[in-house]
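Subject: Structure handover and notes

Dear colleague,

I am passing on the structure below, together with notes on what was found in it. Please read the notes with the structure open beside them.

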Amino acid sequence: MQFYRDGYRPGDPDIRPAAPRALARTAELPAEVDVLIVGTGPAGTVLGAQLSVFPDIETRIVERRAGPLEVGHADGVASRTVETFQTFGLADALMREAFWINEVRFWGPSEQDRSKIVRTGWVPDAPEGLSEFPHVIVNQARMQEYLQDYMAKSPSRLTTNYGIECVALEVGEGEHPVTVTLRHVSGADEGKEFTVRAKYVVGCDGARSNVRRAIGRELHGDAANHAWGVMDVLANTDFPDWRTKNVIQSAGKGSLLMIPREGGTMVRLYVDLGEVPAGDSDIRKTTVEQMTAIANGILHPYSVDVKSVAWSSVYEVGQRVTDRFDDVPVGDASGRLPRVFIAGDACHTHSAKAGQGMNVSIQDTFNLGWKLAAVLEGRSPASLLHSYSAERQSVAQDLIDFDRHWSAFIAQPTVDPAHPERGGVTSEQMKAEYGRQLRYVAGQATRYKPSLLTGNDTYQHLATGFEIGTRFHSSPVIRVADGRRLHLGHVHAADGRWRLYAFGDTGEGLRDFARWLSESPASPALRFAPAGADLDAIVDVHGIFRSGHHDVDIGTVPAILRPCSGPLGLQDWEKVWAIDPRDDIFSARGISSAGAIVVVRPDQYVAHVLPLSARNELSDFFAAFLLEPARR
């Protein structure tokens, strides 16, 4: 973390200097904003955190609730989400507080007495080496608190206006074409309506989204037909696996999914309430006492003595998704640009069985945020925003398909050896199916298709472990300047910049490429940088040498690898790396002995793999979505 580039300042380095615009801001919403975020769920807070680092972008957030969420709904934090939190500098705090899921255990009816359950096996929670981060459990309210604290410490000092709901919106003309009607729902102005004009609006306002309704989008999919109860309990029990994740099948009494929570004592129970007719609202009246009785029936011969319930709910499983995630009509070939977007539960709803709701919602706006910033700062054309719906709608559809399959699978009864004709699944089948889905549950299955932001696989063989279209799979390296061992992926901050990782030996291949990046007018670092900008303002370049860190003369590397930046023009010593002899990144990620260029998007997804000699191809790739600034 670098925090003296603007000059020395005492105090907490996480509190960045406030921009003048932030200091002049009032608590009231202005008449015009650049981006209006509606809702502070996971999608809204991640978007706010991204945009908060751009103080020249007027971002505001409104939330219908009177204050911050206190009791979270979602709790599972996939390793992909922890990777995302690392870009905000929040992963260490998250992991310190969280419960780490290391394995999943399976229970089913005993062959000797089917009224009792026995442990039938276990699997690791994630495949070995899938991520440097674990799958953890932290409640949604705490996740959002981390992000809101990050916003409050950002240069824009972004905070939320609570007690305000979106009533309606219209898209018209002009610099701020979206007119949003808002209403105070609490406080002294309760019931009062007012309008705000915005360049862009993002609806992160949940499954009953008013923003979605205003742009004419509808959720399409299956009606709910299976109900589950969920409760966070503080309890005593003789069940031996109380502090591991468990998938429990009983003989005729339903299923139970058990997930330990942070803090060492609380556990979340998902209780199978069985099939329900579509539209049946009575099931929502199921009490905590009734859910506890069902859970105890499933757990026999074990039992749970619930002392306190922190939160509970009943929901019906239904998988639905909208056909687009913006306000451009389906099939519109007019070139109309999107102005309104929806994210998270506003555009896809599903069960909580695979723990994907919060995680996929976070990735929605992690995809959108840097694109909005690039357009609003004039670095990219507004047409870039078409890529949000194009990329994320297909991801959501995959989620719906997966959730439909997994929810149905986990709700099946166990096979009764005495009555195999009744169907069901065995404990071995349950364990095998869970193991098959581990990569998806970890949030690591997304792969973006070739587009203007994602190249083809012509040169994939040069870096087989950095699959184009997938997230950048980090690996340890040694920083040459100080000999510190770090994960290369951890240099990636949520600041809207592209990353370019150049891999090569100690010969001239990598150095020649770095000199071209430093000096050639065709270099994307120079070609697309605003006049007077730092050398790494648009593309953050790192060089990784296939040698020991003592063998690299950092004093002779080209300027792009030791740029001078910030108002004081200070040298950056943190862009030159060497292999970690304990875990050679070249071997671990299949990097060719000829070297490779790995281009990574601001949202951590690998955009392209090219040879070190592919100068024109690299420049042309960036030219597809970056604008050359006007030169005086």
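For the helix packing described next, axes are lines fitted to C-alpha atoms over the stretch in contact, and the angle between two of them runs from 0 to 180 degrees between N-to-C directions. Please keep in mind throughout that this is a predicted model.

With that convention, helix α8, residues 357-376, packs against helix α9, residues 386-410, at an angle of about 170°, and the two axes lie 10 Å apart. Since angles over 145 degrees count as roughly antiparallel, α8 and α9 are therefore roughly antiparallel to each other. On the α8 side the contact is made by Val-360, Gln-363, Asp-364, Asn-367, Leu-368 and Lys-371, while α9 contributes Ser-387, Tyr-388, Glu-391, Arg-392 and Leu-399. Sorted by class, this contact of α8 with α9 comprises 4 nonpolar, 3 polar and 4 charged residues.

By class, the lining of the second largest cavity has 4 nonpolar, 6 polar and 3 charged residues.

As for annotation, an unreviewed UniProt entry places the feature "domain: Phenol hydroxylase-like C-terminal dimerisation" at residues 446-628. In the model, the end C-alpha atoms of this span, residues 446-628, lie 31 Å apart, and the span is 16% helix and 21% strand.

Most residues other than glycine have a negative phi, and most peptide bonds are trans. Against that background, a cis peptide bond joins His-300 and Pro-301, with omega at about 20°, and Pro-301 is found in the loop between α7 (288-299) and β17 (304-317). Arg-157, a residue other than glycine, has a positive phi, near 50°, and Arg-157 is placed in the loop between α5 (140-152) and β8 (160-162).

Technical notes:
Residues numbered from 1 in each chain as written. Predicted model: local features only at pLDDT ≥ 70, side-chain atom pairs only at ≥ 80, totals over all residues. Heavy atoms only, no water. Helix = DSSP H or I, 4+ residues; strand = E, 2+ residues; numbered from the N terminus. Parallel < 35°, antiparallel > 145°, perpendicular 65-115°, else oblique. Contact = heavy atoms within 4.5 Å. Nonpolar A, V, L, I, M, F, W, Y, C, P; charged D, E, K, R; others polar. UniProt positions renumbered as here; feature names shortened; annotations may be inferred.
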